[in-house]
Each structure stands twice: as C-alpha cells, then as structure tokens.
Amino acid sequence: MTPFVKKKDIKKDWYLINAQNAAVGRLASYISKVLRGKNKPTYNPHIDNGDFVIVTNIDKIKFTGKKYLNKKYYRHTGHPGGIKESSPSSLKEKNKTEEILKLAVKRMLPGGPLAKQQLTKLKIYNGEKHPHDVQKPKIIEFEKLHKMNIVK
C-alpha cells in the first residue's frame, strides 16, 4: 500500500535533460512522468509531488518518420470558423521550438488545474546554458535509457 504523503514531506528534485537528437514523443512521455511524480514510490494522483525538469538543446530535437512536415497542431479561437492549424516545421520557422515540446508534454498530462501547476515545473531552453545551476540538477542521460530515444 502506498503511504499517504503530506505536503510538508514532499521533496522536489531538479533534473536536467539534454534533448539533442531526442525523439519528441519519447522525451515528452518521460518528462510528463517525472512532472507528475510517477517515478517516485510515493506517487498519488491528486497530489503534486513531481519534480522540476530542465530541458536544454531543444532546437536540436528530432521527429521520427515524416512527422516534422505532416504533423498538425489544432487550436480553436472560440469564434465560429476559428480553427487554427500549425505544424512543427512552421513553429520552428517562427523560432518557437520550445512550443513543440511544451505542447507534447501538455497533452500527455491530464486536464485540470493540477496539470497546469505541474507544467509550470518544466523549464525549456534553446542552447546548452540555463539559469538553474544553483539548484544543482541531477543529469539524466536520456539517450542511454533506451536505444530508441535517439533519432539518427
């Protein structure tokens, strides 16, 4: 039986992931698991006991197959006929590469206020540098977790 964890007992760690040549879907599913706290033995679905995740080199992220050109993201403005469409290639042209991963992670989290709170613990940066050195993040070597995590 999983013990009930109180808010004061929750310890949030910081993790650093290098996204260079990483497959978007696999990276997003791993990040969503860490943000929710499913990697801890004290996981409870109604408590935010997840960790902070820093992702660097997001501009070098990869898609498998033809998803980079063919995948579509839809959103609706709320007005009649207000459906908007974008693709990973159009987002990259607009220098919004961090939106690609953020959308993937957001859609892997359950809907609701808790998921929005968990998504704020995701920090995404284009290059190698990030301002979170003070937190001493633990480095996760994502490419070594599974051979399919890297796209060549």
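In which loop is the place of Asn57? Select Asn57: the residue is in the loop between β2 and α2 (67-70). Here and below, helices (H or I, at least four residues) and strands (E, at least two) are DSSP runs, numbered from the N terminus.

Before moving on, please note the conventions. This is a predicted model, in which local features need pLDDT of at least 70 and side-chain atom pairs count only at pLDDT 80 or more, while totals for chains, interfaces and linings use all residues. Residues are numbered from 1 along each chain as its sequence is written, and side-chain values use heavy atoms, with hydrogens and water left out.

**Stop 1: two asparagines with positive phi**

Most residues other than glycine have a negative phi. Asn57, although not a glycine, has a positive phi of about 55°. With a relative accessible area of 2%, Asn57 is buried; buried means under 20% relative accessible area, exposed means over 50%, and partly exposed lies in between (1.4 Å probe, protein chains only).

Next, select Asn21, in the loop between β1 and α1. The phi of Asn21 is also positive, near 60°, in a residue other than glycine. Asn21 counts as partly exposed, at 28% relative accessibility.

**Stop 2: aromatic pairs**

A pair of aromatic rings is described by the distance of the centres and the angle of the planes. Rings of Phe, Tyr and Trp (its six-membered ring) pair if their centres lie within 6.5 Å; planes under 30 degrees apart count as stacked, over 60 as edge-to-face and the rest as tilted. A search of the whole structure finds three such pairs, and two of them are visited here.

Select Trp14 and Phe52, which form a stacked pair with 4.3 Å from centre to centre and 5° between the planes. The pair links distant parts of the chain, since Trp14 is in strand β1 (residues 14-18) and Phe52 is in strand β2 (residues 52-56), 38 residues apart. Trp14 counts as buried at 14% relative accessibility.

Now select Tyr30 and Phe142, whose rings form a tilted pair: 5.8 Å centre to centre, with 55° between the planes. Tyr30 lies in helix α1 (residues 24-36) and Phe142 in the segment after β6 (138-140), so this pair ties together parts that are 112 residues apart in sequence. Phe142 counts as buried, at 2% relative accessibility.

Ile31 is buried, with a relative accessible area of 0%. From Ile31 to Phe52 the C-alpha to C-alpha separation is 9.4 Å in space, and the two are 21 residues apart in sequence.

**Stop 3: salt bridges**

A salt bridge is a side-chain nitrogen of Lys or Arg within 4 Å of a carboxyl oxygen of Asp or Glu. The structure holds six of them.

Which residues are linked with Asp13 in a network of salt bridges? Select Lys11, Asp13 and Lys138, which make up this network. Between Asp13 and Lys11 the closest N and O atoms are 2.6 Å apart. Asp13 counts as buried at 13% relative accessibility, whereas Lys11 is exposed with a relative accessible area of 57%.

In the bridge between Lys138 and Asp13, the closest N and O atoms are 3.5 Å apart. Lys138 lies in strand β6 and Asp13 in the segment before β1, so the pair ties together parts that are 125 residues apart in sequence. Lys138 counts as partly exposed, at 43% relative accessibility.

Then select Asp48 and Lys12, a salt bridge with its closest N and O atoms 3.9 Å apart. Asp48 lies in the loop between α1 and β2 and Lys12 in the segment before β1, so this bridge ties together parts that are 36 residues apart in sequence. Asp48 counts as buried at 12% relative accessibility, and Lys12 counts as partly exposed at 31%.

**Stop 4: helix α4**

Finally, select Arg107, which is found in helix α4.
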